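Please look over the sequence and the fold shown here before reading the report that follows.

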Amino acid sequence: MCEYGTLTDEMNRDKFVFGLKDSATRTELLKTHLNSTGAKKSLADAVAEAKTLESAEKANKLIGDIEEQVNWTRHRDMRLKRDPGTCHWCGDRRGGHPWKVCPARGKTCSRCGGNDHFARVCLETENKQ
């Protein structure tokens, strides 16, 4: 076996980096040959950094998979079960009217059992019974 002295660690580090299949990890490791203390990176430093990058990539992929499963709804995309110009509570199509004179005021919804609105404008999808 050849004796390269202090170059052995540096050469093994370079062999490790150049042998990586993931080009993004290889690129990150090649950005600098110095560690956080300003000394040359050792093989152990390169391996630790590669493991950190690999772990971060896996975590990022998991987060991406989770986001794909979430069904986001913007508030402005929610549609009320009423036509424009109708009352929010009773659904009267003759136009809006003050709450004090609304026929739904004090009534119970036959769909959800909630107060102060009729079933035709109820936002519940199922009966709560």
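Tryptophan 99 is partly exposed, with a relative accessible area of 28%, where buried means under 20% relative accessible area, exposed over 50%, and partly exposed in between, using a 1.4 Å probe and protein chains only. The model is a predicted one, in which local features need pLDDT of at least 70 and side-chain atom pairs count only at pLDDT 80 or more, while totals for chains, interfaces and linings use all residues. Residues are numbered from 1 along each chain as its sequence is written, and side-chain values use heavy atoms, with hydrogens and water left out.

A search of the whole structure finds one aromatic pair; rings of Phe, Tyr and Trp (its six-membered ring) pair if their centres lie within 6.5 Å, and planes under 30 degrees apart count as stacked, over 60 as edge-to-face and the rest as tilted. The pair is made by tryptophan 89 and tryptophan 99, and is tilted, with 4.8 Å from centre to centre and 50 degrees between the planes.

| Residue | Relative accessible area |
|---|---|
| Tryptophan 89 | 31% |
| Tryptophan 99 | 28% |
| Alanine 119 | 24% |

Alanine 119 lies in the segment after H3, where helices (H or I, at least four residues) and strands (E, at least two) are DSSP runs numbered from the N terminus. Alanine 119 touches Cys109, Ser110 and Arg111, leaving aside residues up to four places away in sequence, and contact here means heavy atoms within 4.5 Å. The C-alpha atoms of alanine 119 and cysteine 90 are separated by 8.4 Å, although the two residues are 29 residues apart along the chain.

Which residues form the largest nonpolar core? This core has five residues, namely Val17, Leu20, Leu29, Ala46 and Ala50, and a nonpolar core is a set of buried Ala, Val, Leu, Ile, Met, Phe, Trp, Tyr and Cys residues joined through side-chain atoms within 4.5 Å. In soluble globular proteins, nonpolar side chains tend to be buried together. Valine 17 touches Arg26, Leu29, Leu30 and Ala46, again not counting residues up to four places away in sequence.
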